[in-house]
Structure formats: C-alpha cells, structure tokens
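These are my notebook entries on one chain. I record what I looked up, entry by entry.

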Amino acid sequence: MDTQDAPIEDGHDEASVADKIAGVAEQLRGDADLGHVDDLRSMARQRLEEAHLPADDATVDAVVSAVRRD
C-alpha cells in the first residue's frame, strides 16, 4: 500500500507560526459552534500539540480567547 508522506500542494509550509495558531483557533471555533468541544482549554492544548505548535499556557490562553471572541 502506498502512503502519502508529504503534502501535495505547493506552499504547504509557508504559513507562519502565528498563522498556524490562528488556524487552530478557527477550527476550534467551528467545532465549538457545532457543540463538539467539551473542554476548550484541553482541546486547544491537544490541537496545538498535534500540529507541533507551542502549547504553553500563554499560547493556549491566546487560542481560547480567540475562540471566545464574537
């Protein structure tokens, strides 16, 4: 079975860390709007870690704040 070991699209790695963190916040906002998030802080930390982004308290707080903005 063949596997895809790298993204197909050019430019996949051009986003800054800040842009990637903003993307995590946007995804969480969508999930939260759909009622798919029980613990926003834990989910934010998990998503950041999965994306190999900083998951320190300050970054988690920033993501949570961004998700809660209207």
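I looked up the contacts of Val37 and, leaving aside its neighbours within four places in sequence, found Leu28, Asp31, Ala32 and Met43; contact means heavy atoms within 4.5 Å. Val37 lies in the loop between α1 and α2. I noted that Val37 counts as buried because its relative accessibility is 17%; buried means under 20% relative accessible area, exposed over 50%, and partly exposed in between, with a 1.4 Å probe and protein chains only.

I am working with a predicted model, in which local features need pLDDT of at least 70 and side-chain atom pairs count only at pLDDT 80 or more, while totals for chains, interfaces and linings use all residues. Residues are numbered from 1 along each chain as its sequence is written, and side-chain values use heavy atoms, with hydrogens and water left out.

I then turned to the chain as a whole. Its secondary structure comes to three helices and zero strands, in the pattern α-α-α along the sequence. Helices (H or I, at least four residues) and strands (E, at least two) are DSSP runs, numbered from the N terminus. Of the 70 residues, 24% count as buried. Among contacts with a separation of 6 or more, 46% are between residues 24 or more positions apart.

The next entry concerns α1 and α2. Helix α1 spans residues 17-33 and helix α2 residues 40-50; they pack at an angle of about 135°, with their axes 10 Å apart. Axes are lines fitted to C-alpha atoms, for helices over the stretch in contact, and angles run from 0 to 180 degrees between N-to-C directions. The two helices α1 and α2 are therefore oblique to each other: angles under 35 degrees count as roughly parallel, over 145 as roughly antiparallel, 65 to 115 as roughly perpendicular and the rest as oblique. On the α1 side I listed Ile21, Val24, Gln27, Leu28 and Asp31, and on the α2 side Met43, Ala44, Arg47 and Leu48. This contact of α1 with α2 has six nonpolar, one polar and two charged residues; Ala, Val, Leu, Ile, Met, Phe, Trp, Tyr, Cys and Pro count as nonpolar, Asp, Glu, Lys and Arg as charged, and the others, Gly among them, as polar.

Within α2 I followed Arg47. Not counting residues up to four places away in sequence, Arg47 touches Val24, Gln27, Leu28 and Asp31. I also noted that Arg47 and Ile21 are 26 residues apart in sequence and 9.5 Å apart in space, C-alpha to C-alpha.

How do α1 and α3 cross, and at what angle? The axes of α1 and helix α3 (residues 57-68) come within 9 Å and cross at roughly 50°, and α1 and α3 are therefore oblique to each other. I found Ile21, Val24, Ala25, Leu28, Arg29 and Ala32 of α1 against Thr59, Val63, Ala66 and Val67 of α3. The residues of this contact divide into eight nonpolar, one polar and one charged.

For α2 and α3 I read a packing angle of about 115° and axes 9 Å apart. Leu40, Arg41, Ala44, Arg45 and Leu48 in α2 meet Asp57, Thr59, Val60, Asp61, Val63, Val64, Val67 and Arg68 in α3.

Finally, I checked His52, which is placed in the loop between α2 and α3. Its phi is near 60°, a positive value in a residue other than glycine. Most residues other than glycine have a negative phi. His52 counts as exposed because its relative accessibility is 76%.
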